[in-house]
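I wanted to look up the pockets, the charged pairs and the surface of this protein. My notes are below, in the order in which I made them.

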Amino acid sequence: MKPHPSRENANQSPITFSPLHFGDRLEVINPAGTMGIVTLWSRVDHVLRVVRDAGIDLSSKTSPVAAAGTLYGNGLREMLRNLLHNPQIDTLIVCGRDRSGSLEELTAFFERGVEPYDNPHARYEPVEGFGTPSCVRIRGTSRILDDLVTPALFRRPPTIVSFWPLQDPDVRDELRSFVAGYRPSPPPTPERIVVPLPRVRITSFPCNPREHTIRAGDPLTAWKDLIFTLHRFGVPVRLAKGERRELQNVKVIVEEPREIPEEDLVRWGYDPVHLRRYQEAILEGTCSEDETYSYGHRLRTYFGVDGLEEAARRLREDPEDRKAYVVLWDPRRDLQAAQGHPCLVSLFFRRFQERLTLTAVFRTHNALDAWLVNFYGLLAIQRHVASACGMDPGAVTVVSQSISVDTTQMDRAAFIAAERSFRYREDPMGYFRITVDEEAIVVEHRQGDFTLHTYRHPKSSRLQHEIARDCAVSDINHALYLGRQLARAEACLREGKPFVQE
């Protein structure tokens, strides 16, 4: 897309400083000036005081400096638009602390240019007269911009000179000499260039796409949490089948696996009769001529051994056996075949905490239409093996190495995600009892009637770090609650007031 910025004749001689963005945050010194001061992360008032004390003219009538402002990094796209709107600015004096690499990004924009960048988390909304902007990245940096402003729009890129640290007398002397020898050059054009700022549309929220874990008591809650997670954090990808929102290695733990009430299944578009038939079929060791594979066939017949019966036998003979592991993926055939690859690739049965747990690994997973159906199949498999080895069924864990939602179904996913509401969940890591004595905040980490560990310090920040170090909290809502209580406890300790934990 070629941007078509509008142009305004300044009708002024000389052109005076007129910002399009952040006008309330810029310190305008002399509107007729032709230099700008960029303080990066340093306070503007502090830098200007040092500059003024160095003997540099900052008069509103005679200073060569038009304005001064910070540049933390995120304001670069607005700053570039301000420069295009003020073609008389020919020099940028950078004198501030650079904590984020914003000086490098500024200079790299003009020296190296930009390159296309496929941003998985954000897109731009269409701009009238410009179409839909694309994301670009300043070469050699991680700074992402829209492509409406490019170095080619600047007929005369500003000269960028850095003076830092200003605490150094030699640096201040160099700055004073530079300003004293400065001579403005006529603007290359009397026109102000106006480039609109596109609105950003978030496509997915940032996360580590390989570390999501969902824990729920029942399969319906787990499935809805799974859809919410994919809707919010799924990374856009393009597959041969089309565009998807994908996450990797998502682990879903269902503590109390059981069938979902039929009215709830119908509400979410599932046929209870179909699910019951699916549970029966997955235990059959047959494969029809019109099928390339079936899970039951791979589990019970395909490899010449009934995997479910052998797993049950091992557990009957040794309830603590850890070899009840059944695979469905046949590398001899599946790595070379053009089609017909099982998504469910392994099952692991293990008695743990007196119950038979099941861990299932899926190579790929369709979250909207297949996950819950597959879970019903796992329910049937777990019960079959549990009955055969005389154990009670326990938790089911489903690991999906690649799980996705078809982007054409995102409206359906959004509807399911909107159902999510706050719910209290007891932290399996335990709870905290907080008191205050005369000298410190006392935090008891407890489980049931037992105190696991006692933390003690007058500063809540110290306790925060110690609790985090010990991984004593696993639930984000619990952590936020704990933070509130520690802050209240510290305030009571400091002010000598009684503290009662909420």
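**Entry 1: the model.** I worked on a predicted model, in which local features need pLDDT of at least 70 and side-chain atom pairs count only at pLDDT 80 or more, while totals for chains, interfaces and linings use all residues. I numbered residues from 1 along each chain as its sequence is written, and side-chain values use heavy atoms, with hydrogens and water left out.

**Entry 2: the largest pocket.** I looked for pockets on a 1 Å grid over the protein atoms alone: a pocket is an open set of points where a 1.4 Å probe fits, with protein on both sides within 12 Å along at least five of seven lines, and lining residues have an atom within 4 Å of a point. I took a volume as the space filled by probe spheres set on the points, with grid points joined across faces, edges and corners. For the largest pocket I noted about 930 Å³. Its lining has 25 residues, and Thr213, Arg420, Arg425, Asp475 and Ile476 lie nearest the centre.

I then asked which elements supply the lining. Helices (H or I, at least four residues) and strands (E, at least two) are DSSP runs, numbered from the N terminus. Strand 13 (213–216), helix 5 (219–233), strand 15 (242–254) and helix 14 (476–495) each give at least two residues to the largest pocket. Helix 5 has the largest share, five residues.

I sorted the lining by class, counting Ala, Val, Leu, Ile, Met, Phe, Trp, Tyr, Cys and Pro as nonpolar, Asp, Glu, Lys and Arg as charged, and the others, Gly among them, as polar. The largest pocket has nine nonpolar, eight polar and eight charged lining residues.

**Entry 3: the second largest pocket.** I recorded a volume of about 750 Å³ for the second largest pocket. Its lining has 32 residues, with Tyr293, Tyr295, Cys343, Asn366 and Ala370 nearest the centre. Two or more lining residues come from each of strand 15, helix 7 (272–281), helix 8 (295–300), strand 18 (355–366) and strand 19 (393–406). By class I noted 12 nonpolar, 11 polar and nine charged residues in this lining.

**Entry 4: salt bridges.** I counted a salt bridge where a side-chain nitrogen of Lys or Arg is within 4 Å of a carboxyl oxygen of Asp or Glu. The whole structure has 40 salt bridges. One of them joins Asp437 and Arg456, at 2.5 Å from N to O. Asp437 is in the loop between strand 20 (431–436) and strand 21 (441–447) and Arg456 is in strand 22 (residues 450–457), so this pair ties together parts 19 residues apart in sequence.

Arg456 also bridges to Glu439, with the closest N and O atoms 3.9 Å apart. Glu439 lies in the loop between strand 20 and strand 21, so its pairing with Arg456 in strand 22 links parts 17 residues apart in sequence.

I checked exposure, where buried means under 20% relative accessible area, exposed over 50%, and partly exposed in between (1.4 Å probe, protein chains only). Asp437 is partly exposed at 29%, Arg456 is partly exposed at 44%, and Glu439 is exposed at 59%.

I also found Arg484 and Glu502 in a salt bridge, 3.3 Å from N to O. Arg484 is in helix 14 and Glu502 in the segment after helix 14, so the pair ties together parts 18 residues apart in sequence. Arg484 is partly exposed at 47%, and Glu502 is exposed at 55%.
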